[in-house]
Every structure is written in C-alpha cells, then in structure tokens.
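Good morning, and thank you for coming.

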Amino acid sequence: ARVMGATQIAFLAGFAIGPGMGGWLAEQYGPASAFYAVAAGCATCAALNALLKETKPMPQMKITKVSSGSEGEGAATSGHADNQETDTTTTTSSSSSTSDMRTASSAASSSADYRDVLSRPDVQGAALSQLAASWTMGGGFVLTPHLLSNMYEYTPGEIGITFTTQAVASLLGSLLGSYVADKHGRKTVIVPTMIIQGLATLAMASAGSDPTLFVGSMLVRSVALGSFLPANSAYAADIARTPEERGKVLSITRTSGDVGQLAGPIIAGVVADSMGAVSSLAMLGGVNIVAALAFAVRAS
C-alpha cells in the first residue's frame, strides 16, 4: 500500500499545486492563461515520460540459421531452385496463417480470462468501490465550485485556495491510509473511509448558508478519499491469484474509476439542473454509503 500511496501522493501533489496556481493565474492574467499553463505542463510531462525505460520485458526473437549444404550439392541445389522457392512461399503462407490463428486464440483466451476475473465477488467489490469514489470525486469537481461561487460568493482565487487545501488534506489522508492499510489490513481502511466520504458529502449538502461547515466537511471528505485510494489499489493487487492476473485486476479497477470520473460529472450536472445542486450533492453522498455496504458484502 505504501508503494501505491507514493504514486497517489504524486498525483495529489498536482491537485494541491494546480488549483491555487490556476486561480492566481486567472485573477492576474485572465482565465485563458491557466489553460496555457496546463498545456505547457502536459508537454513537459510527455517529454520526461519519453525518457523512462520500459518495465515490461520484451520477448526475445529466436533466429534459426539455415545451412546451404556442401559445395558438391551445388548442381542439385540449382536444379531444385524453383521447387525450393515454391516450398518457401508455401511455408511462409502457412506460418502467417498459423500466426494469425495463434493471435486470434490468444485474444479469445485473454477475453475469457478477463471475464473469469470480473466474475469474482472480490474483484467486483474493488471495482464498485473505485467506481463510487471516482463518481463522487468527478461530481464534486462540478458541484463544489458552483456552490462556492453562487452560495458563498467565493472568487476564483479563493476557490483555488480551497481546492489546494482539499488536495493537501487528501495527501495527508493518503499517507495515513497507506500506513493503516499495511498495519491493520485493507478492508479496515476501505469500508470506514467510504462511509465517512458519504457522511461528509451529506454534511456539505446540509450546510446551508454556513461556509465553514461546507468547507470543513469537504476537507474531511478529502482526507477520507485520500486514505481510501491507496488502500483500494493495494486490495486489488492483493486479490490477484497470480502475478499475471494482477495486471488484469488492476486494469479492471482503474477502468471502473475512469468510468466513474466520466459519468460522475455528467450525472451530477443533470441532477443539479433538474433537482438543484444541493440535491445532486446529497445523491453523491448516498452513492458512497451504498457502495461501502456493497463492498463489505462482495469483498467478504
């Protein structure tokens, strides 16, 4: 969990620096300047990532040396050149067909492996919890700035500072969650932190005109979220039965998180337009609590 936590810490460090810098740039040089800064940062990361070494070992190609035979057989070899060319063409075509069949068989086998992994209750629990946490996080990115601006009249700079503080809280939570998950177990962290995320989000929805309660609950949710993420990633790595299966389990879990981040803002926006932003925020809290209970059942 500590290794997972280190990656999460780097991720959250960007969230800590980004909002404050973006808010300051927006106030000093206009909103467009923040987008230029993001573009420059992405280009820099791409250049640095290009320097990293590949960690997956590549299969070694076996080269077979074909003997041409003795000099005395030159005439016979010349006499059968046409037959050899035909045989070579046939062999190449056969090898290509065999390679295609093996590729198709490997793809079908990989698909079956993913279905087998996804059918397991513990994998479903890890994926569901990641989906819910990412859904809430993505929806929060839409609703929180809207509520801070419209209900509490925060400026872009103040919103940026609030999100930076939230990211720092998540960073501290990640350190705490990694330690506790290694010390006392993954589920010991996952279920309580998901419930805390849900309750804190419900507290944000019920804050009314009190910005202190709203921001305070948001920070509590951030600590819980930061604690949850490395613990759930470590749990997903733990439940893999083989080293080869670990990649499949982690990819399923992370894809669930990606789906949550894609669907969360859309669903939260639609609910906010039809029922209000506060109701949409309350829905996010309910999603976390239901997912925590579902994880407790499926992961057992």
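Let me begin with how the model is to be read. It is a predicted model, in which local features need pLDDT of at least 70 and side-chain atom pairs count only at pLDDT 80 or more, while totals for chains, interfaces and linings use all residues. Residues are numbered from 1 along each chain as its sequence is written, and side-chain values use heavy atoms, with hydrogens and water left out.

First, the whole chain. How many helices and strands does the protein chain have? The secondary structure comes to ten helices and zero strands. Here helices (H or I, at least four residues) and strands (E, at least two) are DSSP runs, numbered from the N terminus. Along the sequence, the pattern therefore reads α-α-α-α-α-α-α-α-α-α.

The protein chain has 300 residues, and 36% of them count as buried. Buried means under 20% relative accessible area, exposed means over 50%, and partly exposed lies in between, with a 1.4 Å probe and protein chains only. The accessible surface of the protein chain comes to about 17,300 Å², computed by the Shrake-Rupley method with a 1.4 Å probe. Of that surface, 64% belongs to carbon and sulfur atoms.

Next come contacts, meaning heavy atoms within 4.5 Å. Among the contacts in the protein chain with a separation of 6 or more, 82% are between residues 24 or more positions apart.

Let us turn to a helix pair. Helix 6 (residues 156-184) and helix 7 (residues 186-205) pack at an angle of about 135°, and their axes are 6 Å apart. The axes are lines fitted to C-alpha atoms, for helices over the stretch in contact, and angles run from 0 to 180 degrees between N-to-C directions. Why are helix 6 and helix 7 called oblique to each other? Angles under 35 degrees count as roughly parallel, over 145 as roughly antiparallel, and 65 to 115 as roughly perpendicular, with the rest as oblique; helix 6 and helix 7 are therefore oblique.

On the side of helix 6, the contact is made by G177, V180, A181, D182 and H184, and on the side of helix 7 by R186, T188 and V189. By class, this contact has three nonpolar, three polar and two charged residues. In this scheme Ala, Val, Leu, Ile, Met, Phe, Trp, Tyr, Cys and Pro count as nonpolar, Asp, Glu, Lys and Arg as charged, and the others, Gly among them, as polar.

I now come to the salt bridges. A salt bridge is a side-chain nitrogen of Lys or Arg within 4 Å of a carboxyl oxygen of Asp or Glu, and by this rule the count comes to four. One of them joins R186 and D182, at 2.8 Å from N to O. R186 is buried, at 17% relative accessible area, whereas D182 is partly exposed, at 33%.

Which residues are linked in a network of salt bridges? They are R120, D122 and E245. R120 forms a salt bridge with D122, where the closest N and O atoms are 3.1 Å apart, and R120 also meets E245, at 2.7 Å from N to O. As to burial, R120 has a relative accessible area of 7% and is buried; D122, at 19%, counts as buried, and so does E245, at 11%.

Finally, some single residues. M204, in helix 7, is buried at 2% relative accessibility. Leaving aside residues up to four places away in sequence, M204 touches T144, F214, S217, M218, R221 and L281.

E153 lies in the loop between helix 5 and helix 6 and is exposed, at 66%. Its phi is near 55°, a positive value in a residue other than glycine. Most residues other than glycine have a negative phi.
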